[in-house]
Amino acid sequence: MILSKSILFSAVQPSGKLTIGNYIGTMRHWSKMQNDYHCLYCVADLHSLTIQDKNFSLRESILDTISFYLACGVDPNKSIIFIQSHVPQHSQLNWILNCFSQFSELLRMTQFKIKKTIKNNYIKNTNVGLFNYPILMASDILLYQTNFVPVGRDQKQHIELTRNIANRINALYGNIFTLPVPLISKYGSKIMSLLEPRKKMSKSDINKKNVIFLLDDIPSVVLKIKNAVTDSEKLSRICFDLEKKPGISNLLEIFSSITNKEVHILSEELKGITYSEFKSIVSDHLSKFLLQLQKSYFKYRCNESYLKKVAYEGAFKAQLKAKQTLNKINLKLGLV
Ligand code: TRP
């Protein structure tokens, strides 16, 4: 008997420049996974409409994001790379799932609470898309009968919501949706700000010294790591301790992710060195890694017709699967 591979779905929102947090938390795992799963890697452009910024070009950002997927080793012959808005079933399923989601459960979403507090008068100023954001995510995932979703730690709650919505519909109409399981790695699933290591590294941070972007030039990467907050213990001690040493732990997680070495092995190897020595080792490795990634990125980015070809072919393949699921639910709901 041939056992068919499980389905894996992941996505990144193309809003602005990607950071090492996006890479380490999510995209780093993608190329390894394509041998073991049927992978779908989506550019979540409709999610980006929840942010309105006149200075930002969504079109450019979508193409930038596909280029990064390819530069990270995703192979369009093995995996499906596509743009969310090219598969209209995402929006169609989104409406259906809206009707099976509760206002109160969406109000509990931590990411919504964080995003809405940026604006004071949120009832007036926050768009409904931001509120419904997790339901569109649920549509992305459930549309492909996804088994696994590799995500950063901050997205775990959204996957739980997806499971709740799927369970609710399955209980009413029989087994329609597969229940997805989040894949969250122990280390690196939430990279923190360099100057405020108790806060998540975010591409929209106004202080750019907090963030390393994948396209940062090397001298600024070196400088940002050099200025990263450590701690004021009398003796330098390189060890993983999120409570007492969030800054050092964050640098260790970054280092471990790009060298593929376990955190506890690294802390053993780095025993006795000073914080400034540690930082220069981290920035050496990170610079080498970024240089290589950027080289590959630019090779793809300057070939827009290839990027579009990858996206169109991906959308075609994704639609075949998406239509099946949508037909299944439409039939159960009595849509003729
Ligand atoms: N919200 C994710 C992010 O922050 C992107 C995303 C959209 C996603 N749809 C998804 C991730 C479905 C996992 C599964 O970038």
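**Exercise 1.** Which residue in S3 does Cys42 stand opposite?

*Solution.* This is a predicted model, in which local features need pLDDT of at least 70, side-chain atom pairs count only at pLDDT 80 or more, and totals for chains, interfaces and linings use all residues. Residues are numbered from 1 along each chain as its sequence is written, and side-chain values use heavy atoms, without hydrogens or water. Start with the strands (DSSP runs of E, at least two residues, numbered from the N terminus). S2 covers residues 38–43 and pairs with S3 in the parallel sense, over 4 bridges. Pairing requires at least two DSSP bridges. Cys42 stands opposite Phe82.

**Exercise 2.** Are the residues on the two faces of S3 buried or exposed?

*Solution.* Take S3, residues 80–83. One side carries Ile80 and Phe82, the other Ile81 and Ile83. All four are buried (under 20% relative accessible area, 1.4 Å probe, protein chains only).

**Exercise 3.** Describe the shell around the ligand.

*Solution.* 
- Helices are DSSP runs of H or I, at least four residues.

**Exercise 4.** Find polar contacts of the ligand (N or O pairs within 3.5 Å).

*Solution.* 
- Tyr133: a polar side-chain atom is 2.8 Å from a ligand nitrogen.
- Gln13: a polar backbone atom lies 3.4 Å from a ligand oxygen.
- Gln155: a side-chain N or O atom lies 3.4 Å from a ligand oxygen.

Key
Buried means under 20% relative accessible area, exposed over 50%, partly exposed in between (1.4 Å probe, protein chains only). A polar contact is a pair of N or O atoms within 3.5 Å; within protein, one must be able to donate a hydrogen and the other to accept it, and residues adjacent in sequence count only if both atoms are side-chain atoms.
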